[in-house]
Amino acid sequence: MSLQKFKTVYAITVYVSLAAFDNIVIGLFPPLYKSISHDLNVAISSMGVISAINILATAFSSLYWGYLSGKYTRKRLVMIGTLIWVVGVYLTSLSGSFIHLLLCQIITGVGLGCIASIGFSALTDYVPYHSRGMILSLWGMSQGFGGIAGALIAAIISTMSNWRIPFEILAIIGMLLIVFYFFVEEPRFGNAEPELQKLMDRGMDYSYRIGIGQIMDMIGKRSNLLLFLQGFFMNIATGSLIWLPTLYISKIEQLGYGTKIAVIVAAFLFGIFQIGGTFSSFFGYLGDVFQRKSYKARALITAVFVFLTMPLYILLFIFPIDQLSLPNTTNSVTLFISLLGDLVSNPWILSLFVISLLASAAQSANTPNWLALITDVNLPEHRGTVFSIANLANSLGRTVGNLGIGAVLAIASIYLDSPGKYILTMSILQLPLIPSALCYYFMAKYNVRDIHSVKKTLGKRGKIV
């Protein structure tokens with residue numbers, strides 16, 4: 001392996017790991033809702049408000065970070081952003097009131113906004129064009145598994161100590177992560193574009209940078225508009241999935257197990273039931289292959305899988321957790337081994353696993369192809385900002401999903417007990433996947449025009465020597 005290839009692999013690894021930690025922070029919070037609300041003496045519904053505000057802080061700050069990514073050194077900006085979320089996470093562990101916790105989560109969100117937009121912008125300049133979907137799937141997949149890891153860390157560590165310790169541990173790890181950035185080579189704008197290779201081979205730089213006047217053109221581009229809308233609807237549905245552990249806890253408690261056991265086992269189930277996310281790279285590769293034949297293909301393939309995600313997740317919510325046999329202990333290792341035994345011997349748990357595998361696999365087709373399309377239809381200097389705007393749409397969707405859960409749950413609670421009220425609420429929140437799939441279907445024809453336009457522009461710029 002050449003030195004340059006090693007530097008590229010190292011940089012991709014660091015940015016992919018960064019995306020994982022970004023979502024570990026996000027995944028850490030929901031499993032601790034009950035413990036935090038009890039300790040701070042506030043209603044558990046207030047935790048949903050804090051999550052929503054954290055998501056909005058991340059989204060709105062990413063707009064500013066995304067614009068900066070098209071103008072300044074991205075490596076330095078990422079280090080600053082990481083330091084901000086580390087401080088926010090550590091201060092969260094010291095929270096003594098609702099307002100204190102809220103302010104700390106806003107600080108955390110500002111830091112995470114940097115990671116989301118600038119991490120994506122930098123990564124697109126490392127990724128070869130022909131394997132864009134597959135490699136970007138690693139970035140998306142690391143985010144998904146980061147969320148799962150955060151839920152597991154929160155459930156296991158908090159049951160052994162208290163809810164504050166997971167935040168302290170994550171802040172320490174985040175500080176260590178900053179060290180790895182010092183050895184990352186700053187990517188050159190347009191480095192991965194085949195139309196600019198002659199320019200790059202001669203040691204020249206792609207000198208175009210974003211300007212304020214270009215933002216409205218980027219927003220008005222049809223492919224971008226439909227990607228924003230698609231992400232909004234998609235994230236209403238996927239944003240509600242952070243309540244899956246709460247649903248599992250309710251189902252396990254209904255079987256007669258205590259809350260501590262239910263929390264640990266629910267976290268394990270949540271992790272196991274997201275294994276289908278590992279198919280993300282396959283779907284990214286599939287998108288790459290078909291996109292070479294037609295610029296419509298990536299959007300059309302993804303539309304099919306997004307639509308299939310809806311009935312599969314609704315079936316997962318409805319299907320019972322039955323005949324579950326667990327030891328009366330809060331030892332996480334013992335409970336995990338017991339759960340794996342049930343996975344093999346209990347047809348109900350095995351069926352749940354198969355349904356979850358199909359549901360999470362279908363959902364995983366979205367992220368790599370969505371990221372690849374944002375890259376394909378935008379110029380290198382625009383990608384960070386466009387991703388930030390798209391991320392804002394996603395975050396608004398997640399916020400609507402979180403607040404929607406609370407509103408629908410309040411109504412459902414009048415007529416249904418647990419876990420029925422969670423099943424109905426979460427099923428209703430999957431319906432936005434229908435317009436989400438339709439956005440992909442309609443954007444297919446615009447992708448052809450916008451991708452040709454980007455390639456034509458880069459071709460012209462690449463010839464200027």
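**Pockets, cores and a helix**

Reply: The second largest pocket is lined by 15 residues, and those nearest its centre are Gln4, Thr8, Asp125, Glu185 and Asn191. The model is a predicted one.

Me: How many charged residues does the lining of the second largest pocket have?
Reply: The pocket has a volume of about 350 Å³. By class, its lining divides into five nonpolar residues, four polar residues and, as the charged group, six.

Me: Which residues that line the largest pocket are the closest to its centre?
Reply: The largest pocket has a volume of about 850 Å³. Its lining holds 37 residues, and the closest to the centre are Pro31, Tyr33, Lys34, Ile44 and Ile249.

Me: How many residues of the lining of the largest pocket are nonpolar?
Reply: Elements that give two or more residues to this lining include α2 (33-40), α12 and α18 (383-415). By class, the lining has four charged residues, 14 polar residues and, as the nonpolar group, 19.

Me: Which residues touch the most other members of the largest nonpolar core?
Reply: Isoleucine 36 touches Phe29, Met47, Leu101, Trp163 and Phe167, leaving aside residues up to four places away in sequence. Among the 83 residues of this core, those that touch the most other members are Ile36 and Trp85.

Notes:
Residues are numbered from 1 along each chain as its sequence is written. This is a predicted model: local features need pLDDT of at least 70, side-chain atom pairs count only at pLDDT 80 or more; totals for chains, interfaces and linings use all residues. Side-chain values use heavy atoms; hydrogens and water are left out. A nonpolar core is a set of buried Ala, Val, Leu, Ile, Met, Phe, Trp, Tyr and Cys residues joined through side-chain atoms within 4.5 Å. Buried means under 20% relative accessible area, exposed over 50%, partly exposed in between (1.4 Å probe, protein chains only). Contact means heavy atoms within 4.5 Å. On a 1 Å grid over the protein atoms alone, a cavity is a set of points where a 1.4 Å probe fits but cannot get out, and a pocket is an open set with protein on both sides within 12 Å along at least five of seven lines; lining residues have an atom within 4 Å of a point. Grid points are joined across faces, edges and corners, and a volume is the space filled by probe spheres set on the points. Helices (H or I, at least four residues) and strands (E, at least two) are DSSP runs, numbered from the N terminus. Ala, Val, Leu, Ile, Met, Phe, Trp, Tyr, Cys and Pro count as nonpolar, Asp, Glu, Lys and Arg as charged, and the others, Gly among them, as polar.
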